[in-house]
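Colleague: Could you take me through one spot in this model up close? I'd like the local picture first, then how it sits in the rest of the chain.

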Amino acid sequence: GRSDVLLKVKAWNDAGALVVAHRPGQGKYAGQLGALRVRLPDGRESLLGTGFSDAQRRNPPPDGATVTYRYRELTANGLPRFASFLRVRVDP
């Protein structure tokens, strides 16, 4: 049964990626950022389409920026599952 005293904890992983392109938004986000196409450290590319504020969608990270994203686990193909944008990484 269910318990009111137990909490479910889901682990998140995070990683960095290089922004290589922007995809335009649709519907509510028309004229703004829809998703970022990012290059992962192993050279493959993936999309990040969630986790952005409205201000970030209006002024997205530029191509060549390094971003940090979080994800639950890796797919069978080794790509991040349920990836979500966290922040633009600023290296000193």
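Which residues does Thr-68 touch, not counting those up to four places away in sequence?

Modeller: Quick caveats first: this is a predicted model, where local features need pLDDT of at least 70, side-chain atom pairs count only at pLDDT 80 or more, and totals for chains, interfaces and linings use all residues. Residues are numbered from 1 along each chain as its sequence is written, and side-chain values use heavy atoms, with hydrogens and water left out.

With sequence neighbours up to four places away set aside, Thr-68 touches Asp-14, Ala-15, Gly-16, Phe-85, Leu-86, Arg-87 and Arg-89; contact here means heavy atoms within 4.5 Å. Thr-68 is part of strand 4, which covers 66-71. Strands are DSSP runs (E, at least two residues), helices likewise (H or I, at least four), numbered from the N terminus. Thr-68 is buried, at a relative accessible area of 7%; the cut-offs are under 20% for buried, over 50% for exposed and partly exposed in between, with a 1.4 Å probe and protein chains only.

Now step along to Tyr-69. Leaving aside neighbours within four places in sequence, Tyr-69 has contacts that include Asp-14, Ala-15, Gly-16, Phe-85 and Leu-86, plus Leu-48 and Pro-80. Tyr-69 is also among the residues with the most contacts inside the largest nonpolar core, alongside Val-19, Leu-36, Val-38, Leu-48, Phe-52 and Val-67. That core has 14 residues, a nonpolar core being a set of buried Ala, Val, Leu, Ile, Met, Phe, Trp, Tyr and Cys residues joined through side-chain atoms within 4.5 Å. Strand 1 (13-24), strand 2 and strand 4 each supply at least two of its residues.

Phe-82 sits in the loop between strand 6 (80-81) and strand 7 (84-88), and is exposed, with a relative accessible area of 59%.

Zooming out, the protein has 1 helix and 7 strands, running β-β-β-α-β-β-β-β along the sequence. Of its 92 residues, 26% are buried. Among contacts between residues at least 6 apart in sequence, 47% join residues at least 24 apart.

How far can you trust the coordinates? Mean pLDDT (the predictor's per-residue confidence, from 0 to 100) is 94, and 99% of residues reach 70 or more. Confidence is lowest in strand 5 (residues 73-74), at a mean of 94, and highest in strand 2 (residues 33-39), at 97.
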